[in-house]
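Q: Could you take me through the reading of a helical model, feature by feature, beginning with a single helix and its faces?

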Amino acid sequence: MKPRNGRRAGRPAPLSQEAIVSAALRILDTEGPEQLSMRRLAKELSITPMALYHHVRDKHDLLLLLLASQSRDRPRAALPEEPRERLLAAAQLLHDVLAQYAYLDEILASPDLLAVSSVWIMEALLDAAVQCGLTLEQAAQAHQVIWHYTVGLLKIRNTRRRHHAELNRPTQREQVFATLPAAEFPRVTSLADRWSELTVRDTHRKGLEDVVDGLLGQYLAPPGDLT
């Protein structure tokens with residue numbers, strides 16, 4: 001017997017990708033990435049987890065859907081012509097794209113997710129490195145170094161932000177610094193009162209320039225030149 005609503009028995013009600021993405025983004029905005037799960041998303045959509053799995057296979061599939069939806073209409077930035085500046089600009093863009101995702105840790109845990117939204121940045125970075133004089137293999141190694149520097153900085157920044165948001169007492173580091181004898185740790189104690197101020201500064205760009213110049217110097221230095 002055909003159901004009154006016209007659908008075959010057992011088939012889930014139509015659910016658009018836009019509705020799934022909107023619900024997931026609401027959870028991210030109001031509750032944070034830690035609360036985004038298939039069960040929580042199903043509740044937000046007023047369906048059962050089993051019904052949700054008919055539309056999204058798993059958490060990985062959900063993140064792919066989120067990345068695709070958020071990157072679909074993003075215009076590609078114009079990059080400088082000069083190779084070193086283009087390499088820096090592409091590396092900076094990698095940082096900026098990653099930094100906008102609230103579910104950063106999930107992306108970093110599954111690097112293949114990144115390809116959905118920024119494979120063109122990877123292409124630009126590799127091409128700029130080759131234009132600087134690196135081989136394609138060296139360019140791939142340079143990309144990995146820049147990737148590790150970028151995601152390491154972002155993970156530290158995000159972890160520190162979450163940690164300090166939950167903290168209502170001096171940090172463990174501050175407590176340790178307060179007990180150090182100056183005679184034994186003169187450098188540390190002289191900076192103890194300013195350590196948080198000094199280390200919270202955003203030094204990404206300067207560090208990125210140092211990384212890029214170090215890579216170019218390493219790969220392009222004449223054989224035997226250790227200076």
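Q: Which exposed residues does the face of α1 turned away from its buried side carry?

A: A word of caution comes before the reading, since this is a predicted model. As a general idea, an α-helix has 3.6 residues a turn, so residues three or four places apart point the same way. In the present case, the face of α1 directed away from the buried side carries E18, D29 and T30, which are exposed.

Q: Which residues of α1 are buried, and what covers them?

A: The buried set of α1 consists of I20, V21, A23, A24, I27 and L28. These residues span an arc of only 165° around the axis, and therefore they lie on the same side of α1. Their cover includes α2 (38-44) and α4 (59-71).

Q: How many residues does α1 have, and what span is expected at 1.5 Å a residue?

A: Helix α1 takes in residues 17-31, which is 15 residues, and the distance from its first C-alpha to its last is 21 Å, close to the 21 Å expected at 1.5 Å a residue. Just after α1 comes G32, whose phi is positive, at about 95°.

Q: At roughly what angle do the axes of α1 and α4 cross?

A: To read a helix pair, one takes the approach of the axes together with their crossing angle. The axes of α1 and α4 come within 10 Å of each other and cross at roughly 95°. Because angles of 65 to 115 degrees count as roughly perpendicular, α1 is described as roughly perpendicular to α4. On the α1 side, the contact is made by Q17, I20, V21, A24, L25 and L28, while α4 contributes L62, L65, L66, S69 and Q70. Among these contact residues of α1, I20, V21, A24 and L28 also belong to the buried set.

Q: Is H143 buried or exposed?

A: Burial is judged by relative accessible area, with under 20% counting as buried. The value for H143 is 9%, so H143 is buried. This residue sits in helix α8, which covers residues 136-166, and, leaving aside residues up to four places away in sequence, H143 touches M122, L125 and L126.

Q: How many helices and strands does the secondary structure of the protein come to, and what percentage of its residues count as buried?

A: The protein has 12 helices and 0 strands, and 32% of its 227 residues count as buried. Of the contacts between residues at least 6 apart in sequence, 67% join residues at least 24 apart.

Terms used
Residues are numbered from 1 along each chain as its sequence is written. This is a predicted model: local features need pLDDT of at least 70, side-chain atom pairs count only at pLDDT 80 or more; totals for chains, interfaces and linings use all residues. Side-chain values use heavy atoms; hydrogens and water are left out. Helices (H or I, at least four residues) and strands (E, at least two) are DSSP runs, numbered from the N terminus. Buried means under 20% relative accessible area, exposed over 50%, partly exposed in between (1.4 Å probe, protein chains only). Contact means heavy atoms within 4.5 Å. The expected span of a helix is 1.5 Å times one less than its number of residues. The arc is that of the directions from the helix axis to the C-beta atoms. Axes are lines fitted to C-alpha atoms, for helices over the stretch in contact, and angles run from 0 to 180 degrees between N-to-C directions. Angles under 35 degrees count as roughly parallel, over 145 as roughly antiparallel, 65 to 115 as roughly perpendicular and the rest as oblique.
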